[in-house]
Amino acid sequence: MSDDSPTDSVERRWVGYPLRNSMSARTSSHPLRLWTTSIYELKQPRNRTSLSPKAQLERYYTMIAPIIVDEINKQIQREYANAYAYKGVALYFESLNLHGISRFMFQQDKEEQEHADKLIKHLVDRGGNVTLGALPLAATSYDDPLQAALTVKGMEEDTTSHIHELYALAQQQNDYALQVLLHWFIEEQVEELAWSAELAELMGQFSAHPGQLHMLDHHWGKRVK
């Protein structure tokens, strides 16, 4: 067998040079042919088997751990429940003619739904199954505005704790894709905790002077985007 004859029925090429089997490469007087063949053999193990498209999809889908899927679904449910709760709070402030705070709470309702949608997209993109459950009833009346504000503050504190727990689980499971997504949620919760704590504090100050609540309402309404 001559050195110029390919050993396979289909000639394979690497950086423009025909590739030979290892025997012809050893006997070849061309050093570049020996080099390119060796590189090819390193890149292409003899026992390598290609995966079918279905097998590739199955491997991709199993990259997300079942426990991660379950916990993301729980957080999706919480985000939708938060949105429903914000809608109830918005309706309560609307009934008091505090339209600025009401508009702000309606805005939070939409943002919570967007949070849920982000998690849904992440789960769908990675081949996870999304489960949507029934939402709990949302209160539309409170004893006073302070109670409503404290309810919102407590809800954001709970959400922050759940986000941090989900991030810790992603670290434990070496789920880097989820960790990147949750960085956004963690930063978002810093903002949510700040404004909810401020509103609760101001509402406590104004609760002794109900007539001044409209001043707070006017100020808070300017935060609506």
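## Contacts and overall composition

Among contacts (heavy atoms within 4.5 Å) with a separation of 6 or more, 71% join residues 24 or more positions apart in the chain. The model is predicted, with local features requiring pLDDT of at least 70 and side-chain atom pairs counting only at pLDDT 80 or more, while totals for chains, interfaces and linings use all residues. Residues are numbered from 1 along each chain as its sequence is written, and side-chain values use heavy atoms, leaving out hydrogens and water.

The chain contains 8 helices and 2 strands, taken as DSSP runs (H or I, at least four residues, for helices; E, at least two, for strands) numbered from the N terminus. Their order from the N terminus is β-β-α-α-α-α-α-α-α-α.

## Packing of α5 and α7

Helix α5 (residues 99-125) packs against helix α7 (residues 176-206) at an angle of about 165°, and their axes lie 12 Å apart. The axes are lines fitted to C-alpha atoms over the stretch in contact, with angles running from 0 to 180 degrees between N-to-C directions. The angle therefore makes α5 roughly antiparallel to α7 (over 145 degrees).

The α5 residues making the contact include Ile101, Phe104, Met105 and His122, and those of α7 include Leu181, Trp184, Phe185 and Met203. By class, this contact of α5 with α7 comprises 12 nonpolar (Ala, Val, Leu, Ile, Met, Phe, Trp, Tyr, Cys, Pro), 3 polar (the others, Gly among them) and 5 charged (Asp, Glu, Lys, Arg) residues.

Methods:
Angles under 35 degrees count as roughly parallel, over 145 as roughly antiparallel, 65 to 115 as roughly perpendicular and the rest as oblique.
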